[in-house]
Amino acid sequence: MTTDLTVIVLAAGGGTRMKSKTPKVLHRVVGRSMVGHVLRAVSAVEPACVCTVIGHQRELVGPHISEELPDAVLAVQEQQLGTGHAVRVALEALEAAGRKLREGTVLIAYGDTPLLEGATLKAFAAEHEAAQAAVSILSGVVAEPFGYGRIVRDADGEVVAIVEEKDATPEQKEISEINSGILALDAAFLSDAITRIDNDNAKGEYYLTDAVKLARESGLTVTALPIDDVWQTEGANDRAQLAALGREMNHRIVTRWMRDGVTVMDPETTWIDADVALAPDVTILPGTQLLGATTVGEDAVIGPDTTLEDCEIGEGARVVRTHAQLAQVEAGASVGPFSYLRPGTRLGADGKIGAFVETKNAQIGAGAKVPHLSYVGDAEIGEGTNIGAGTIFANYDGVTKHRTKVGRHARTASNNTFVAPVEIGDGAATGAGTVVRKDVPPGALAVSQGPQRNIPGWAQARRAGTPQAEAAAAALADDESGEAAAED
């Protein structure tokens, strides 16, 4: 295949049926924008140049494309006057960038076809060039062709036209081979034909498919190459179609990971984004979502009912019924159930974050444990330390957030409050219910309560006539009877 390959991606449409403030091509499928998927696919073809045509909300679409593919040429289509007009705008932008097309192949793709694969485009371009065609159409054979342009062939199987649904005869409407819109064109032919495409049609638009007619009139070859996997050419015009594409792509991703050695207990309730990386022998339980750039190490078990976004999970770790974002769980550690790991959480090897624990910007050392019912924010906990149930790291004074440091192998009791900034030394301990406002030296015991004092008869005096007072009086009477019997 020639190395002189240019790709034009059409991404200027408004997508009004999305009914969204977000441009259509920026809607996400399995964690990546639709146009982002397309740009990944076209990059796999290793083209000499990629030009993306933008228009609607270009102030949002343009920067996103430049982030995804910095070398892409951006062409602005001020008015959306059809695909032919969009390609003409692209050719003008390429010429302005010093990339005037004189030879080679031009691929036309669309920014809303997220399942498109680079291997498909590469094979399509190669077949187009092998046929020495002026125009090649990536077509598909579908059971329900309604709404699509039909590929019309003659008795010898040669492509003679693309007929749109509204213009098709009853016989042509029975044709099941449809136009995907993805085209390959000879660059020299395209540069000439684009100037001859007119807008003499009901919509007053310039249709790129008219290039088929121009090629046939010039005696040039036109081919249509059917693709078995028609999903690759499917676009999304509304939220229902977007969801359908998401389900199909997720199904493919989950299937691929299972074939690569990952156990997925229930594929129907498991969602895995495109940029997630899983090691062999990972186990994913039902109701799990792995999002963003999450990575999971070998033999880890995730789920059930767990959402991890941009997280790093180490080998052999266990994360159950947890929501986590931008968190790191090292090898052999356990999290959950019902834990919330906010950004900046790092749990060391063999450590534990237990039930009903929330963490934020917290570094918890190897073998350290925060077993249950606690909030750990802006904290550093040393290796082997145990944090008692119901502990609050009070990190915010109403104006500024402060850090708490707990040393190695410390033992803190239940219902503690650490009022930051404060430091608890290595091997130190705290008493139950302690409010720690001052640093605790290594090996010391910190307590903040005075001796317990009991006030006899309080219930009878202050709650007279209530069930509480009656119960207290009955208990005291029983105690007195018992003591009298013992004396006898």
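Okay, so, before anything else: what we have here is a predicted model.

Let's start with the record. UniProt, in an unreviewed entry, gives residues 7-152 as "domain: MobA-like NTP transferase". In the model, that stretch is 33% helix and 24% strand, with its end C-alpha atoms 26 Å apart.

An unreviewed entry also lists a "binding site": Ala389, Asn395, Tyr396, Ser414 and Ala432. I'll take two of those. Asn395 sits in the loop between β29 and β30. Buried or exposed? Well, Asn395 has a relative accessible area of 7%, so it's buried. Its side chain makes a 2.6 Å polar contact with the side chain of Asp378. Beyond its sequence neighbours within four places, Asn395 touches several residues, including Lys360, Tyr375 and His402.

Now Ala432, in the loop between β33 and β34. That one comes out at 60% relative accessible area, which means exposed, as the cut-off is over 50%.

Next, Thr385, in the loop between β28 and β29. At 1% relative accessibility, Thr385 is buried. Its side chain gets to the backbone oxygen of Gly407 at 2.5 Å. Leaving out neighbours within four places, Thr385 is also in contact with residues such as Gly367, His409 and Arg411.

Last stop, the surface. Leu373 is in strand β28, and at 53% relative accessible area it's exposed. Together with Phe338 and Phe356, Leu373 makes a nonpolar surface patch of about 340 Å².

Technical notes. Residues are numbered from 1 along each chain as its sequence is written. This is a predicted model: local features need pLDDT of at least 70, side-chain atom pairs count only at pLDDT 80 or more; totals for chains, interfaces and linings use all residues. Side-chain values use heavy atoms; hydrogens and water are left out. Helices (H or I, at least four residues) and strands (E, at least two) are DSSP runs, numbered from the N terminus. Buried means under 20% relative accessible area, exposed over 50%, partly exposed in between (1.4 Å probe, protein chains only). A polar contact is a pair of N or O atoms within 3.5 Å; within protein, one must be able to donate a hydrogen and the other to accept it, and residues adjacent in sequence count only if both atoms are side-chain atoms. Contact means heavy atoms within 4.5 Å. Patches are made of residues with over 30% relative accessible area and no salt bridge: like charges are joined within 9 Å, nonpolar side chains (Val, Leu, Ile, Met, Phe, Trp, Tyr) within 5 Å. Accessible areas come from the Shrake-Rupley method with a 1.4 Å probe; for residues, only the protein chains shown count as cover. A salt bridge is a side-chain nitrogen of Lys or Arg within 4 Å of a carboxyl oxygen of Asp or Glu. UniProt positions are given in the numbering used here, feature names are shortened, and annotations may be inferred rather than shown by experiment.
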